[in-house]
Amino acid sequence: MHTLFEKIWDAHVVQHVSDGPDQLYIDRLYCHEVTSPQAFDGLRRRAIRPLRPERITCMPDHNIPTLHQDLPIADPVGRKQVETLRRNAQEFGLTHYGLCDKRSGIVHVVGPERGLTQPGMTIVCGDSHTSTHGAVGAVAFGIGTSEVEQVLAAQCILQAKPKTMRITIDGTLRRGVTAKDLALYIMSRLTTSGATGHFIEYAGEAVRTLTMEGRLTLCNLSIEMGARGGMIAPDDVTFAYLKGRPEAPRGAAWDNAVAYWRTLRSDDDAVFDKEVRFSADDIAPMVTYGTNPGMGIAVDDVIPSSVTESDAKALRYMQFNDGEPMIGKAVDYVFLGACTNGRIEDFRAFASIVRGRQKAPGVTAWLVPGSWQVWQQIKDEGIETLLNEAGFQVRQPGCSACLAMNDDKVPAGKLCVSTSNRNFEGRQGVGARTVLASPLTAAAAAVTGVITDPRTLL
């Protein structure tokens, strides 16, 4: 009578503290340039080294440019952070994928695509969207900088065990509806606090029929519902995705791993602390209209009436009004990318709308792959040529306009249709207005210049 989450968590408990947290063993730590410097400084102060350096992978992604990465970074803060990460990795003997290293990119894209992220693991990173890795059937969650130091030093972390929650989506997603729309729909129903204190397992036919890229998108957004993380039980889709990846097991080790991975599922009689069920038939392409990811509606719906002052404040910031349709609103910027939607499937979807059309005049589009591997696939599949001919440019990998921490900032007052994960005030730039959407909806906005139902262009 155990859930998948409980099986993995309990197997990694080194010591249980009575009336306190668990000492949890961590299989994989990812480090990026923003949340790791103080952790490494802590090791120096204590004159110790990482306990298991082979289980730690470092790469810069947040504060890097997405053009001319072969040149010195112009921003002094970003340059210092990236260089500090390189030096720390070198000093402590850690694997480091630096700028222009063809193994590098956004950490939450690179981990799964290289096979570093595997079923049954516990995975942490100093980044809230570490929940992405749960898509392969891992317990993955974000941690703070002091906790990064704990894992560096002891390969363990003190952590309170979350409650369990299962979200089941019955049926199959309709034409033009993606994993991003599924996530935005769930958030619109549960709100951004509906899963607080819980670890989500996603289940149901709609989840099982998602590709691995779609599952990564869905789990990525778990944190936006207040959850500690999200996961999906591994199956043949998972195994096919991981097979042959550079860091995945091979030969007999692969066969043994898959045999174990097939046991990673919730028992039929497992009891969750909370159960929620939705129907895929109720889900349409979604967009957000406010300043948190839970303020979402179907793209062809109208903005609901404000119930609270917080709702009214959000609409004032977005320059929207109660009862207005979202369709037809003028768009200034479009962003395709981030750890949410920077994978090859996302670029294929975007290109499927662009094919035979041109970028709308006046729209600035940032198309940013999540890794150098995705960048190469875009070229190999002819997607870059198609996009270039339509007036778009594919940039170099990085977090880019997901957050205003690098050069790709949306100017104040401008409206951006974004495939990223957060639409908070100032998230993409001071005064910037963000509408979260799927790659299909972003592409539809990019070629029409206004928010458009992508189903009309399929």
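Student: What classes of residue make up the lining of the largest cavity?

Tutor: In this predicted model, where local features need pLDDT of at least 70, side-chain atom pairs count only at pLDDT 80 or more, and totals for chains, interfaces and linings use all residues, that lining has six nonpolar, four polar and no charged residues. Ala, Val, Leu, Ile, Met, Phe, Trp, Tyr, Cys and Pro count as nonpolar, Asp, Glu, Lys and Arg as charged, and the others, Gly among them, as polar. The residues in question are Pro 60, Ile 64, Gln 69, Gly 98, Leu 99, Cys 100, Ser 104, Gly 105, Trp 372 and Pro 397. Residues are numbered from 1 along each chain as its sequence is written, and side-chain values use heavy atoms, with hydrogens and water left out.

Student: What makes a space a cavity rather than a pocket?

Tutor: On a 1 Å grid over the protein atoms alone, a cavity is a set of points where a 1.4 Å probe fits but cannot get out, whereas a pocket is an open set with protein on both sides within 12 Å along at least five of seven lines; in either case, lining residues have an atom within 4 Å of a point. The count here is one cavity of 30 Å³ or more, and the largest cavity has a volume of about 40 Å³.

Student: Which helices supply the lining of the largest pocket?

Tutor: Helix 6 (179-190), helix 8 (212-220), helix 13 (344-354) and helix 16 (439-448) each supply at least two residues, and helix 13 gives the largest share, three residues. This pocket holds about 250 Å³ of space and is lined by 17 residues, of which Thr 178, Ala 179, Thr 211, Gly 214 and Glu 345 lie nearest its centre. By class, its lining has eight nonpolar, six polar and three charged residues.

Student: Why is Leu 4 called buried?

Tutor: Buried means under 20% relative accessible area (1.4 Å probe, protein chains only), and Leu 4 is buried because its relative accessible area is 0%. Leu 4 lies in helix 1 (residues 4-11). Leaving aside its neighbours within four places in sequence, Leu 4 is in contact (heavy atoms within 4.5 Å) with Glu 201, Met 231, Ile 232, Ala 233, Pro 234, Leu 264, Arg 265 and Ser 266.

Student: What makes a set of residues a nonpolar core, and how many residues has the largest one?

Tutor: A nonpolar core is a set of buried Ala, Val, Leu, Ile, Met, Phe, Trp, Tyr and Cys residues joined through side-chain atoms within 4.5 Å. The largest has 84 residues, and those with the most contacts inside it are Leu 152, Ile 167, Ile 169, Ile 186, Tyr 202, Leu 218 and Met 225. Helix 6 gives the most to this core, with eight residues. A second, separate core of 63 residues includes Phe 350, Val 374, Leu 386 and Ala 437.

Technical notes: Helix = DSSP H or I, 4+ residues; strand = E, 2+ residues; numbered from the N terminus. Buried < 20%, exposed > 50% of the residue type's maximum accessible area, 1.4 Å probe, protein only. Points joined across faces, edges and corners; volume = space filled by probe spheres on them.
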